[in-house]
Every structure is written in C-alpha cells, then in structure tokens.
Amino acid sequence: MSLMFSRSNSTAIGKKDKRHMAEVNASPLKHFVTAKKKINGIFEQLAAYIKESSAFLEETYKNEKLDPITTEEQVLEVKGYLSKVAGIGEVLARRHMKVAFFGRTSNGKSCVINAMLWDKVLPSGIGHTTNCFLRVEGTDGNDSYLLTEGSEERKSIKTVNHLAHALHQDEDLDAGSLVCVMWPKAKCALLRDDLVLVDSPGIDVTTELDSWIDKFCLDADVFVLVANSESTLMQTEKQFFHKVNERLSTPNIFILNNRWDASASEPEYMEEVRRQHMDRCTSFLVDELKVVDRAQASDRIFFVSAKEVLQARIQKAQGMPEAGGALAEGFQARMFEFQNFERRFEECISQSAVKTKFEQHTVRAKQISETLRLIMDSVHIAAQEQRVHCMETKEERQDRMEFIDKQLDLLTQDCKKKIKQITEEVEKQVSNGMAEEIRRLHVLVDEFHVDFHTSQVVLKVYKNELHKHIEEGLGRNMSERCSNAITTALQTTQAEMIDGMKPLLPAPIRDQVDMLIPRQCFSLSYDLNCDKLCSDFQEDIGFHFSLGWTMLVNRFLGPKNTRRALMGYSDQVPRPLAITPASTSMPPFPQGSVTQEELMVSMVTGLASLTSRTSMGIVVVGGVVWKAVGWRLIALSVGLYGLLYVYERMTWTTRAKERAFKRQFVDYASEKLQLIVSYTGSNCSHQVQQELGGTFAQLCQQVDVTRQNLEDEIKEMNEKIELLDSLQSKAKLLRNKAGWLDSELNMFTQQYLQQGR
C-alpha cells in the first residue's frame, strides 16, 4: 500500500522528496520518521510566525498615533497560541510509534519482540518470565540501561541475564509497573525509527485489565495478540481485546499464532489446523470486534515461529547461515510468514501512528493558521480603511488651506482698500471740522472767564488757563462733531473685517472670536498742544487812540503793513529818497510787479517823509485848511478830537484790555491752528488706521494659527499614512505567511494523512 502510494504520487513530488520516498520504500517505518520531522518543522515555523504576529499586533495595539486597528481580544488570543503551539511542539518531539504485545503467559510475547529486534533483548523462556510491563526504546548512546517508574536512576545492563536478574531483584515491581529498557539504536535497526515496543505480563495472571488499558494502551498504535497455535483463542484473550475495542475507536490488531513449527510434526493436519485457526481469528476480528472487514483479515493473521526466526537471525548476525541448526521442516515458509507480518505491521503502524499522533495537531495548526490569517486580513482591511480616511482628511485639509490662502489674499486687499478709504474720509472730516472750529474760535474764547490783570504773573497764569480751555474746548467740540461718526464707521469696518475672516476660522474659534479679539470703545485723540503752539504769543494791551496816526495806518494797511510802514518811516527819516536810480544799468521795476498794499505803504511813507523834512509843509497845509473852512470849524474839530481821545482814554479799563487781549489771541491762535489742520487730520486718520490695522493683524494671527494647525494636521496625516502603509505591508506579509503555512499543512495532510484513504 505504501509502495502504491509512492508510485501514484511520484509525479507530484519534487526532486527533493524523491529521496524521502526512497527511504520510505526501504522501510515503511521511515514514513513516520519523515512525517514527524516534517510536522515538527512546520510547528517550528508556526511558532516563529505566531511570535512575530503577536509582537506585531501588540505593537499595533499600543500605538497611540493610530485609531484602533486591532483589539485587545485579538492580541490576547494570539498570545495564547504561543503557549499552545509550544506545548504541541514539545508533545510532537516526544511522539513515537508504539506497539503493545499481549497474550497469555508463555505464548512467546518476549520471543516475538526479540525476533523483531534481531537480538535477545528481553528475557524469555518457559514460565512467567515477564512480571511487569517492559518498554523497549532506542537510545543514542552505546550503553543499555533500565529506568524504573518514578525514578531517574539508570541501572546498567549488559546482557539478557543481567536484565532478568535486575527485574527479579526489584521487589517493588508488580504486574502494573512499567520498566523502560533503553537499548542502543546502533545494535537494533528497528529502534532507530522511533518505534517503542511494549511487552506485557500474561493477561491470564491479573484481573486489573481496565487499569492496564488506561495506563498502557490508550496511546498504542498497534496491538499484537500473541496466541499459542497449539490451542485455540481463549476467552481471557478475547475479553481483554473487547475492553480495548470499547476504549479505542477501531484499534489496529494483529494476531500471531506462535509456535507454528509444532505443526511440522503432523503435516497431514497442518492445513486443516491452519484453516480452523484462520476462521476463528477472522470471526473474532470481523464479527466480534469489527475492526477490519473480511478481505483485510488475512493481512492481520499470521502463523509464525518466533523462536526459529530469532535463532536464524542471531546465526545470520554471527555470520552463519540462517537455516543452520536443528530447524523443523517448513522453516523458510514460516520465516517468510514472519517477514510478511513485519512488513504488514510496519506499514500499518507507520500509517496509523502518523494519523493518530499528528492528525489532531495538524487540524489544530490549520485552525490556528486560519485564525491568524483572518486576523491579519482584518488588520490589513482596517489599516487600509484608516489610510483612505487619512488621505481624505489630508486632501480636505489641503483644500482648506488653499482656500484660506486665496481668501486671505482677497480679504487683505479688500481690508487695505477699506482702511485707506476710511482714513481718507477721517482726514477730510477732521480737517473740515477743524477749520470750522477755527472760524468759531472767538466764541470759545469769549466763553473763557478768569480774572484778568496786566501784570506779567497774572497774564502768564491767564494764558495757561486759556490754553487749557482752548485745548479742552476744541477737543470736546471736535469729538462732538467728528468722533461719533468716525467711531461708527470704524466699528462697522471692524465688523465687516471680522465677518469676512470668520469663514477662514474653525467653527469653535468663530464663536469665540469676539473674546479673542476684544473691540474696545475707540476714541480719537485731538492732540493740539495749544500751550506750545501759542507759546510765542505777545499781547499788545497798551492804549492806542483810534484816530491816531498808527491806528489809522493800521486800519488801512493791517498790523503787518503798519509795522512795515512805521519801520520804513523811521529808517528813511535820516536818508532822503533817491529820485533817480543809483545805477543806469539797473532796469526799472515793472509796474505790474507792485501790489496795491505795497503802493499804499509807499505813498504813506513818502507823505510822512515829506512832512517830516520841513515845517513849511505844515504851515502851508494849515493855511490852506484855515482859509477853506475857517477857524471855528477847526476849533470844533480839534475839540471833538480831544473829547474823543479823552473818552477812549477813560474807557480803556481792565475789561477793555481783556477784550483786546482775547481779540489779539483769537487772531494769533487762528493763524497758528490753520497751520496744523492738515497735521491733525493726518494724526486722526493714523489713529483709525492703527486701530483697524491692529484688528486686522489679530484676525490674521488667528488665521495663521488655524493655518499652522492645518499644516500640523497634514504632517500628522502624512506620518499616519506612512505608518499605515508599513502596517499594511506587514499585515499582508503575515497574512501570506499564514496562507503559506496552511498550504504546507495541506501538503502534509495529503502526503501523510490521506495516504491510506
């Protein structure tokens, strides 16, 4: 059967396995050895794979950067497989084929074992030579020794007599005890193939058959019933194997009718006796135990002479012919029958042992590898789904950041435009308001009431208070005129800027933008600095007659031209006017180049100069007037002129001086304030620009924070995607490894477990 399997599958096996099949062909027991080596290798790979998978799952589970990809249950489940597979590996390493020999006392059980081992290993002979269970197992050393149950002491044995002596000396051994006989593999080829042979006491010497079965038979692959061919099967033997059949499912049972060499003395009855034994044994296996069918029964029943085979093999080992010595007639047929039994036995036990020892573990390994494959597949799918989510999140963040950049550019341009527009309007509005307040400055000055005196100390205090009054009044009036409108426009612009920036901010920040960017009540500052502006003001509160020469000139020419005319007069008194140019080379002034005021100043100056040079002019003028109007009119005019002078002199009081002071201050301050109208407008527009610029900068800062958060999220997504790619690759590799292990187990099942089906 094994040979047929090797031939039918030779085309499906690679060159590497051809050598393996050749070894199996040489000895069927090699089938178990190679299967054990193969399954041990698979379980070593499975253990390494589970260790790698466990470390991968634990690392993935503890990775805080990722969303859950694997569960704690999966991690613990795979960790549990480590100990299970390690335990199975240890069991597989100790697995071996086991055959148990049973029969009545003196049926030749030990002799059969010795014949199979080609040496006298166990004591045998007439009577009760085996008083306990003997387990014959190979050892790699060169020395043989005994191991008794419950002891690690090695008892050295050299020969069979030593063994028998050691067994009989141990008073603690009973029929239910086990003694391990460790025999060098170098001395026996059968023991090299992980085969263990168990010899037993006669089943007719004890009633503890149940305990024997539980202790020694449950892991046996083959049972050999050694019967005496000189008698029929006894009820004791049948009863024992009925109990075995109840405990085990379809046990493999061989029946050896030993001492068949006795039939050689009665050749005329040999075939009849053989047929009777065959029918009874077949009925026992087929009808009673139902462990084989009738066609297979002939391969389980044999007629042998173990003593002859042992003797022949010992002679052959010693270099003598097998058939030498006193052997009964028909020895070659009985030798061939024994060899046929060995062949069938080896084929059966190798197939049975592979199935019973490895099938369950192979199924368990396939379950584990399939579970791990599913776990790795789920991890791969979860990592792939999370990667897709990260890619979508990354693209969404990139689109969001691109939108923010574009919108921020547009909003920046729009805000700059609005800020420029409102600052221009503020400057214009403040300038117009300032000009209007300058025109109404006299009203503000008239509202100032403080004690006035001409002394310098009082005047200094008066000026300081007047400066403060002007500063506060102008500031208050400008605020009433401009601030409300400007503040409203500024707040409106701020609100528009915030509303424009809100879509660029994340939802939680939008609701808190009013707290993050507090908008305080804005008020314009009109810093006029009147005290510095009017610090060089010089009042003139001396008495001046309204019809005096200076006042008349002032009335016609104004204060500046009056000073020019009077100064020119004083300068020109000692120097007569030149009538002709000093140099003929200098061209005359063009007529259109002299203004009306300059012409009037020149005329008055000339007149004053003329009258001052000679009194003749006065006499002439006085005579002309006298002659024209008469002396009465002249006297009346002089009297009225004098009365007017006295009246004005009498009315030139402190109050009049204050009014003159205020009038002069208004004229001076108006002129000075006109100079800073543009500056004040620019200053106010700059304040508004700073306020709006600050608001815009704070909004941009929030947008920059949002943008930085998006960049951090994109960076985090890139790191997660890279990590997930690595996880996917690792999970895919481990999933493929599980598939490869499953294929290895399927090949093992097909090659070793399904071979006999």
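Which residues of helix 5 are buried? In this predicted model, the buried residues of helix 5 are Lys109, Ser110, Cys111, Val112, Ile113, Asn114, Ala115, Met116 and Leu117. Since nine of the nine residues of this helix, which spans residues 109-117, are buried, helix 5 is largely enclosed by the rest of the structure. The helix is followed by Trp118, a residue whose phi is positive, with a value near 65°.

Contacts between aromatic rings were considered next, and the count comes to 20 aromatic pairs. One of these is formed by Phe254 and Phe302, which are stacked, with 6.4 Å from centre to centre and 20° between the planes. Because Phe254 lies in strand 8 whereas Phe302 belongs to strand 9 (residues 301-303), the pair ties together parts of the structure that are 48 residues apart in sequence. Both partners fall under the 20% limit of relative accessible area that defines a buried residue, for Phe254 has a relative accessible area of 1% and Phe302 one of 2%. A further stacked pair is made by Phe341 and Phe345, for which the distance is 5.9 Å centre to centre and the angle between the planes is 25°. These two residues are four apart in helix 12, and are therefore separated by about one helical turn. An α-helix has 3.6 residues a turn, so residues three or four places apart point the same way. Phe341 is buried, with a relative accessible area of 0%, and Phe345 likewise counts as buried at 0% relative accessibility. Elsewhere, ring pairs link Phe102, Phe133, Phe223, Phe240 and Phe241 into a cluster.

Charged side chains placed over aromatic rings were also found. The charged end of Arg300 sits over the ring of Phe254, at 5.1 Å from its centre, and this ring is the one that stacks with Phe302. In a second case, Lys187 lies over the face of Trp183, with a distance of 5.4 Å from the ring centre.

At least two residues of the lining are supplied by each of strand 8 (252-258), helix 12 (331-439) and helix 22 (677-753), and helix 12 gives the most, with eight residues. By residue class, the lining of the second largest pocket divides into twelve nonpolar, eight polar and ten charged residues.

The residues that line the second largest cavity comprise three nonpolar, five polar and one charged.

Methods. Residues are numbered from 1 along each chain as its sequence is written. This is a predicted model: local features need pLDDT of at least 70, side-chain atom pairs count only at pLDDT 80 or more; totals for chains, interfaces and linings use all residues. Side-chain values use heavy atoms; hydrogens and water are left out. Ala, Val, Leu, Ile, Met, Phe, Trp, Tyr, Cys and Pro count as nonpolar, Asp, Glu, Lys and Arg as charged, and the others, Gly among them, as polar. Buried means under 20% relative accessible area, exposed over 50%, partly exposed in between (1.4 Å probe, protein chains only). Rings of Phe, Tyr and Trp (its six-membered ring) pair if their centres lie within 6.5 Å; planes under 30 degrees apart count as stacked, over 60 as edge-to-face and the rest as tilted. A charge sits over a ring if NZ of Lys or CZ of Arg is within 6 Å of the ring centre and within 35 degrees of the ring normal.
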